[in-house]
Amino acid sequence: MDKEIQSYLNEIHSHLHLDTSTEEKIIKEIYYHLEDALEESRNTGLYYKEPFKDITQTLGNPRDVARLLYEAHSRGSWEEVALHLQPYLLFIALFAFHLCYSFFPLLVSFIFTLAVLFLSIRRGMGNWIFSWGGFLFSSLVPLFILSREFLINVTKASILMLYGRVNISQWVNSLNQAVLPFHNFMYLTILFFILLLGGLLSIHSMYRTLKYDWLPVSSMLMLLPLLLGWSLILKRTMAQFGLLSSQVEQLDSIMIYSLSIYTLSSLIFIRAASRHIKITALGAGSVFGVIFLIKNTIGIEDMHTLLFLIASTLVFLFIPLLVYRVFFQAPDLDAEFLKSLSKRKEVIHHSMYQ
Amino acid sequence: MDNGYKADLLRGNTDLLLLFLIRELTETYGYQLIKEVEKRSEGYFRFKEGTVYPALHKLEQAGLVRGIWKKHRGEQERKYYKITEKGEEVLARKLGMWEDFSRAVGLIFGST
């Protein structure tokens, strides 16, 4: 394949940010367009000083072509929107019915989400699965924050048991005392392992996605600042007023609004064709959600928490971009794929103009 | 300025022209569409080639056309586009709107 054409196709490929199978079909279509154009120029006897360069120029700037093709493929359908928003609506329902502190509703929600995530990864990952992965991945944060004591106690008690300083019943007892907000450490352990499994699956899909695009990975992480903020405030509220207080109920109501803001921005994220609008929607949804939460709970005056959460929003938004740039920046098209394209037909190649 | 206006006209009617030609040609591919527009408009309209594929893919994503890969002369493949039922409906609606529009413009010009 001519170098001019190869570098043109590589340039399109590096700006497409679509999944591999879609990208290959697009590249194939454009390559055959170039072949048709070259063949026609030969048949009509037109003389080009630099045929490959001239032909690629008629297609236009590869970045623009890639951007337009991305926009043609990136806009999610309403079915995708409905599937994408399910985990956020599930979160809203858990807060609306104050079920975030009950084991069984959480267990059912997590198992259901995990099953959907697992099946969709096996069947080839639709664009909507990122929110499902994000749901499980982000849920690990409150669990860690609210049960830090539990984790410390597990470690301490286990070390003591190893050295024979405590027996099993003492070990179980010490765990039970530390568990927050659940009354049985087994509940927490079960949820923790389900979420850990979900988190690992999410990391697996993040890794696969980062090979071609960073933006869906950011969308998986953008719920984290909101849940981080909620966990920190919940921990303070529980310490002050207890889990069954009206203050905790009020916090749940505020979370419903914050999550609704984020859900709305996710809807825009899926439906928008332009990459800039997608990034803006994602960042703005998370920042406004966090501001709403802080303003209506601990107050804007607590600048440290507010700034910390806004900064974490930006970090979670752009860390995938950094990782993508450093480790995954779209490599050139696969040599085998290019070979398979050019061997299909004896194209005009150099001989015709030499 | 004239060229800008012409480009705007073409941009605003790309979907209509592509859908119409795909229906007319029954089954066609990107390069042929570009040449057909040029030929039928006697060179008046020239698509920017790089914009045709995004437009075709948008039509495909919207379910108005269906893309099918077919072998063409030995090992070479081409993606052919075919109008769908939904595409026929949208085309009929757009053609109706276009006719109304051009009649209205004609009436205004005719009255001056």
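User: Happy to start with confidence: what pLDDT does chain B average?
Analyst: This is a predicted model, and in chain B 93% of the residues score at least 70. Across the chain B elements, helix 1 (residues 2-12) has the lowest confidence, at a mean of 74, while helix 2 (residues 14-24) has the highest, at 93. For the model as a whole, the scores are ipTM 0.86 and pTM 0.80. The average pLDDT of chain B is 87.

User: Which pattern does chain B follow along the sequence?
Analyst: Chain B contains five helices and two strands. Its C-alpha trace spans about 60 × 30 × 20 Å along the principal axes. Read along the sequence, the elements give α-α-α-α-β-β-α.

User: What share of the contacts in chain A with a separation of 6 or more comes from residues 24 or more positions apart?
Analyst: Let's take the two chains in turn. In chain B, among contacts between residues at least 6 apart in sequence, those joining residues at least 24 apart make up 43%. In chain A, the share for residues 24 or more positions apart is 73%.

User: And what percentage of the residues in chain A is buried?
Analyst: A residue counts as buried if 20 or more other C-beta atoms lie within 10 Å of its own. By that cut-off, 26% of the 112 residues in chain B are buried. For the 354 residues in chain A, the figure is 36%.

User: Is F47(B) buried or exposed?
Analyst: F47(B) sits in the loop between helix 3 (30-40) and helix 4 (49-61) of chain B. Beyond its neighbours within four places in sequence, it is in contact with I34(B), V37(B) and V52(B). A7(B) is 40 residues away in sequence, yet the two C-alpha atoms are 8.8 Å apart. Because 20 other C-beta atoms lie within 10 Å, F47(B) is buried.

User: Which residues is L293(A) in contact with, leaving aside its neighbours within four places in sequence?
Analyst: L293(A) is one of the residues with the most contacts inside the 54-residue core. Two of its partners, L226(A) and W230(A), are named in that group as well.

User: How many residues does the second, separate core have?
Analyst: This core draws on both chains, as it includes I26(A) and L59(A) together with L18(B) and L59(B). Its size is 40 residues.

User: How many residues of chain B are in contact with chain A?
Analyst: On the chain A side, 19 residues take part. Helix 2 (20-43), helix 3 (51-59) and helix 4 of chain A each supply at least two of the residues that touch chain B. That side of chain A divides into eight nonpolar, four polar and seven charged residues. The number on the chain B side is 18.

User: What are the buried residues of helix 4 of chain A?
Analyst: Helix 4 (residues 62-74) has 13 residues and reaches 18 Å from its first C-alpha to its last, close to the 18 Å expected at 1.5 Å a residue. Its buried residues are P62(A), V65(A), A66(A), L69(A), Y70(A), A72(A), H73(A) and S74(A).

Terms used:
Residues numbered from 1 in each chain as written. Chains lettered and ligands numbered in written order. Predicted model: local features only at pLDDT ≥ 70, side-chain atom pairs only at ≥ 80, totals over all residues. Helix = DSSP H or I, 4+ residues; strand = E, 2+ residues; numbered from the N terminus. Expected span 1.5 Å × (residues − 1). Buried ≥ 20, exposed ≤ 12 C-beta atoms within 10 Å, placed from the backbone. Contact = placed C-beta atoms within 7 Å. Nonpolar A, V, L, I, M, F, W, Y, C, P; charged D, E, K, R; others polar. Core = buried A, V, L, I, M, F, W, Y, C linked by C-beta atoms within 7 Å. pLDDT = per-residue confidence, 0-100.
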